Amino acid sequence: MAQAATVQEQHGHIADTNTGISNRKLLMWVFLASDCLFFGSFIATYLVYRNESIVGPYPNEILDIPLTSVSTFVLLMSSLAMVLALNYAQKDQLGLTRFWILAVAVLGAIFLGFQVFEFATFINEGLTIRSNLFGTTFFILTGFHGLHVAVGVLWLLGTAYAHFKGALTSRSVEDLEMAGLYWHFVDIVWIVIFTVIYLIGFSDGEGIETIHHAATIVGG
Amino acid sequence: MANPIARAWRKLFYQDGGSYFLLPKVDSSYPDPPNEGPFGDAGPPVWRWMDRVTYGGKVATPFFYTIIGVWLAVLTILEVYFFTIDEFFGAFFVTVMLLLAVLKFIIVVAFFMHLRFDKSLLTLVFTSGFIIAILVFVIMLAVQGQLSPAPMVAP
């Protein structure tokens, strides 16, 4: 009984809706489900045009796996920091909540820094969004992911500001939970991108089939 | 004996108590036990241990989440290590990498996003979007000829 009471205290009151779930939380999950389609389309587009570039730079010449591994690690740890922030908010330990929210924002900003560095390096080495099919699909996919991370960082900084102003208390833990769901989603999208584009796609090179196909058309 | 198709239809769509998918009518008919989530009670003992130490995930300790974070870090390190020895896996390299990514994906969604411990409706909502995304993904690759063994030939 005492355990049930503790669970109830930590989890907040049950929402007064037909589903027992607050409308905001349900809507956030619907949004995340639709965002799956958004990123799924971009990842599919990347794979469709994989190995189709007829001019360089190609993935095997330009992708930096050690650098991206570190940034992936940073984003994963930011997810851990996020869940810790929510956990402390649920336990009404506001000092630790503030610390971990700021930690998430800082780790997110570090991830963005890695991405800006990577983009700048690629552009210096001749890969832009207009260079080839790899450049177009790569920058669109990772750029939109970076945009999501940037929105998340701003959201968390806003939440932290509200927290310092005293607007966020243990009664409005759901605000933080929404930000957390969004942040974790950004993390799982990167898990897929890192594996599919960086680790599996690293060996991609020149689009041999495309060159043969083009030669057939030109040669009649 | 009823027509098997009619019986399957009844099992799938009827709401007379004997169907597979009973739609909840009121709040109390929604299941919310500690084991609610993507895997139900079908997990290995370590998951049941997690349920016990976290009171169904709702009063999880920072230590519990840190363990999950360490597991994610270990899986990432494994991924990068496997990448460096990709010849060892040969044709199975892509499968191994995708399995590791799926494992990390499930861990984050189930524990950090609390789907394992939350109402099953949320799992249904997210999984629906994810499945549609996968379908779009597969159809797009199939239409472009990426899934067929021979490349598309221009007319």
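**A conversation about chains A and B**

Guide: In this predicted model, 20% of the 155 residues of chain B count as buried.

Visitor: What is chain B built from, helices or strands?

Guide: Chain B contains 6 helices and 0 strands. Read from the N terminus, its elements follow the order α-α-α-α-α-α.

Visitor: And what share of its contacts links residues 24 or more positions apart?

Guide: Among the contacts in chain B with a separation of 6 or more, 49% are between residues 24 or more positions apart.

Visitor: Let us turn to the two chains together. How many residues are in contact between chain B and chain A?

Guide: On one side there are 46 residues of chain B, and they are in contact with 45 residues of chain A.

Visitor: Which elements of chain B give two or more residues to that side?

Guide: They are α3 (62-84), α5 (93-112) and α6 (120-143) of chain B. The largest share comes from α6(B), which gives 14 residues to the side that touches chain A.

Visitor: How do the residues on that side divide into nonpolar, polar and charged?

Guide: The side of chain B that touches chain A has 33 nonpolar, 8 polar and 5 charged residues.

Visitor: Now for chain A. How far does helix α4 reach from its first C-alpha to its last?

Guide: Helix α4 of chain A, residues 65-90, has 26 residues and reaches 38 Å. That is close to the 38 Å expected at 1.5 Å a residue.

Visitor: Which residue with a positive phi follows α4(A)?

Guide: That residue is A:Asp92, and its phi is near 65 degrees.

Conventions: Residues numbered from 1 in each chain as written. Chains lettered and ligands numbered in written order. Predicted model: local features only at pLDDT ≥ 70, side-chain atom pairs only at ≥ 80, totals over all residues. Contact = placed C-beta atoms within 7 Å. Helix = DSSP H or I, 4+ residues; strand = E, 2+ residues; numbered from the N terminus. Nonpolar A, V, L, I, M, F, W, Y, C, P; charged D, E, K, R; others polar. Buried ≥ 20, exposed ≤ 12 C-beta atoms within 10 Å, placed from the backbone. Expected span 1.5 Å × (residues − 1).
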